[in-house]
Amino acid sequence: SSGINAESQSVLFSFFFKLEFLLQSRMDISSAHKSSYYQKLQWVDTVPKVTRAVKELKKQKEIALDCEGFSLGRKGTLDIVTIGTMNKKVFLFDITQLKSTAFDHGLRDLLQSDRDTMTKLMFDCRNDSDALLHLFNVKLVGVLDLQVVDYLRRKGMKKGNEDPVAIRGLDKIIDGGVASLKSRIGDQIKNASIRGQNIWIARPLGPELENYCALDVLKLFEIRKVFKNTIKKKGNEMFGESKKRLASERL
């Protein structure tokens with residue numbers, strides 16, 4: 001029987017080791033793996049974590065924001081709200097888990113704060129704002145849509161005989177290595193969507209998808225830096241054109 005006991009102990013040890021690893025992966029301090037893309041990634045999946053994250057984020061004058069979901073918009077789902085800071089911290093608000101509770105405990109107020117309080121950098125805010133407004137009654141305020149900035153910047157440099165300026169996706173602006181990751185994950189999202197599968201509800205989410213979420217926000221700070229002179233000269237116009245894209249302005 002000693003052999004059976006030893007085997008049982010081994011199985012139990014393996015089970016508890018795996019359990020501890022899974023719990024550690026969702027701890028408040030960070031995700032279980034390391035990444036060169038961010039300094040710290042934190043899942044926000046309980047009310048106390050929402051309260052602490054919002055308190056920390058309110059100290060920022062500028063954040064980067066992106067949402068993930070299945071067929072993102074009023075007729076789809078909103079599963080993750082990703083917020084990044086200039087010091088490369090990333091917060092993944094687990095809306096699949098928390099639903100409206102996350103917004104009721106401070107996230108809504110944060111996203112509805114005015115431009116003077118906090119700028120929200122986004123890249124094509126249309127579907128995100130549509131989902132936030134119609135699914136959770138969040139009216140985004142203070143958004144600077146960098147897709148709009150990119151378009152107006154290139155339009156201003158266009159000469160009369162050149163082809164019309166087209167709106168560009170984020171993958172056309174960021175560097176090649178990062179664009180490759182986004183393209184690869186983008187294909188996974190597209191294929192899953194065709195099959196009617198929502199990849200954003202899996203928990204734990206997985207390192208590549210976490211990196212994808214992180215990049216979608218952290219790269220916006222780099223883009224903003226490139227566009228800083230244009231924004232400085234035409235900031236009011238850029239914010240005004242961004243506002244026109246928000247769902248609350250297109251009712």
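This is a predicted model: local features need pLDDT of at least 70, side-chain atom pairs count only at pLDDT 80 or more; totals for chains, interfaces and linings use all residues.
**Ground rules.** I number residues from 1 along each chain as its sequence is written, and I leave hydrogens and water out, using heavy atoms for side-chain values.

**Sheet.** I took helices (H or I, at least four residues) and strands (E, at least two) as DSSP runs, numbered from the N terminus. I counted two strands as paired if DSSP finds at least two bridges between them. I then looked up the strand order: six strands form an open sheet, β1-β4-β3-β2-β5-β6, with mixed pairing. The edges are β1 (40–44) and β6 (143–145), each of which pairs on one side only. Neighbouring strands are turned by 25 degrees against each other on average, direction ignored. For this and other angles, axes are lines fitted to C-alpha atoms, for helices over the stretch in contact, and angles run from 0 to 180 degrees between N-to-C directions.

β1 pairs with β4 (residues 89–94) in the parallel sense over five bridges. Leu41 has Val90 in β4 as its bridge partner.

**Lys89.** Leaving aside neighbours within four places in sequence, I find Lys89 in contact with Lys40, Glu56, Ile83, Gly84 and Leu218.

**α2 and α4.** Helix α2 (residues 47–57) packs with helix α4 (residues 100–111) at about 5 degrees, the axes being 9 Å apart. I therefore record α2 and α4 as roughly parallel (under 35 degrees; over 145 is roughly antiparallel, 65 to 115 roughly perpendicular, the rest oblique). From α2, Val47, Val50, Val54 and Leu57 meet Thr101, Ala102, His105, Gly106, Leu107 and Leu110 of α4. By class, this contact has seven nonpolar, three polar and no charged residues. Here nonpolar covers Ala, Val, Leu, Ile, Met, Phe, Trp, Tyr, Cys and Pro, charged covers Asp, Glu, Lys and Arg, and polar covers the others, Gly among them.

**Salt bridges.** I searched the whole structure and got 15 salt bridges (a side-chain nitrogen of Lys or Arg within 4 Å of a carboxyl oxygen of Asp or Glu).

Which residues make up the network that I followed? Salt bridges link Asp124, Arg126, Asp145 and Arg245. Asp145 and Arg245 meet at 3.0 Å, N to O. Asp145 is in β6 and Arg245 in helix α9 (residues 228–245), so this pair ties together parts 100 residues apart in sequence. Asp145 is buried at 0%, and Arg245 is buried at 11%. Asp124 pairs with Arg126, with the closest N and O atoms 2.8 Å apart. Asp124 is partly exposed at 23%, as is Arg126 at 34%.

I also noted Glu208 with Arg184, with the closest N and O atoms 2.5 Å apart. Glu208 is in helix α8 (residues 207–226) and Arg184 in helix α7 (residues 176–194), so the pair ties together parts 24 residues apart in sequence. Glu208 is partly exposed at 33%, and Arg184 is partly exposed at 40%.

Note on methods:
Contact means heavy atoms within 4.5 Å. Buried means under 20% relative accessible area, exposed over 50%, partly exposed in between (1.4 Å probe, protein chains only).
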